[in-house]
Amino acid sequence: MKTTSMMFLILSFLTSGLCVAEGIDYGWYTEGDYIPSTRVKVVIRNTLDFARTDCPVAISRRQMPLPNISDHWVTVVDPALPSDPEPPEEEVRKIGGWKTRAETNGHYLFYQLDDLDRDGVWDELYFVIDIASGETKTIYLYIQPPAKTWLRGLYEHYTHAVVGNYERNFIPWWESKLMGWKLAYPTDVDMFGK
């Protein structure tokens, strides 16, 4: 079986300052009031003689300097992409709090954390990029604990519902200013007042 090496990855752990890649200074990414405290620099090189569109990139949990992170903690950013401007308030109210707010120093990429062995713990971080033949591209993984990410870009709201991960089970949660509940197990509902 013949295998061809298509991509070359380098990860380095960074906690502050600017990084230089290919002679370009990339500042720290922000979005609205979201200012992460940690970032991981990922250098990707296309060693093929043709451009790749929607090229898959998978970073295993073992390669990450912080393996015990939740999907809500990560933002994947291409610093070479144009940043989104601040949207009008009526657009934010129509679309909701997940609308991208004003970005600086790049644009986020969609990603997912995959649980390949189905043990309830993610095994790889996966995203796609466009990369020219012979190009070296810098991508940043910004990591921020939940205290600052849950309210990222959100305006005050009075009720919230989500499907969350509780003891490695996906369950529905609902919360208002006065009370909340979660369906912890098929036979149990946890309710609480505030």
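Modeller: Three strands form an open sheet in the order β6-β11-β10, and their pairing is antiparallel. The edge strands, each of which pairs on one side only, are β6 (52-60) and β10 (111-114). On average, neighbouring strands of this sheet are turned by 30° against each other, direction ignored; the axes behind this angle are lines fitted to C-alpha atoms, and angles run from 0 to 180 degrees between N-to-C directions.

This is a predicted model, in which local features need pLDDT of at least 70 and side-chain atom pairs count only at pLDDT 80 or more, while totals for chains, interfaces and linings use all residues. Residues are numbered from 1 along each chain as its sequence is written, and side-chain values use heavy atoms, with hydrogens and water left out.

Some terms come next. Strands (E, at least two residues) and helices (H or I, at least four) are DSSP runs, numbered from the N terminus. Two strands pair if DSSP finds at least two bridges between them. Strands of a sheet pair through backbone hydrogen bonds, parallel or antiparallel. In the sheet above, seven bridges join β6 to strand β11 (residues 124-131) in the antiparallel sense. Valine 128 in β11 is the bridge partner of proline 56.

What does β12 pair with? Strand β5 (residues 38-46) runs antiparallel to β12 and is joined to it by eight bridges. In that pairing, lysine 41 has tyrosine 140 of β12 as its bridge partner. Strand β7 (residues 74-78) also pairs with β12 in the antiparallel sense, over four bridges. There, the bridge partner of valine 74 is isoleucine 143 in β12.

A salt bridge is a side-chain nitrogen of Lys or Arg within 4 Å of a carboxyl oxygen of Asp or Glu, and a search of the whole structure finds two of them. In one, the side chains of lysine 137 and aspartate 78 meet at 3.1 Å, N to O. Lysine 137 lies in strand β12 and aspartate 78 in strand β7, so this pair ties together parts that are 59 residues apart in sequence. Lysine 137 counts as buried because its relative accessibility is 11%, and aspartate 78 counts as buried at 4%. Setting aside its neighbours within four places in sequence, aspartate 78 is in contact (heavy atoms within 4.5 Å) with Gly106, His107, Leu109, Lys137, Thr138 and Ile139.

The other salt bridge joins glutamate 86 and arginine 101 at 2.9 Å, N to O. Glutamate 86 is in the loop between β7 and α1 (89-95), and arginine 101 is in the loop between α1 and β8 (103-104), 15 residues apart. Glutamate 86 is partly exposed, at 40% relative accessibility, whereas arginine 101 is buried, at 12%.

Rings of Phe, Tyr and Trp (its six-membered ring) pair if their centres lie within 6.5 Å; planes under 30 degrees apart count as stacked, over 60 as edge-to-face and the rest as tilted. The whole structure has four aromatic pairs. The ring centres of tryptophan 28 and tyrosine 142 are 5.6 Å apart with planes at 80°, so this pair is edge-to-face. Tryptophan 28 sits in the loop between β3 (24-26) and β4 (30-31), and tyrosine 142 sits in strand β12, 114 residues apart. Tryptophan 28 is buried at 16% relative accessibility, and tyrosine 142 is buried at 0%. Ring pairs link Trp28, Tyr29, Tyr140 and Tyr142 into a cluster.

Definitions and conventions
Buried < 20%, exposed > 50% of the residue type's maximum accessible area, 1.4 Å probe, protein only.
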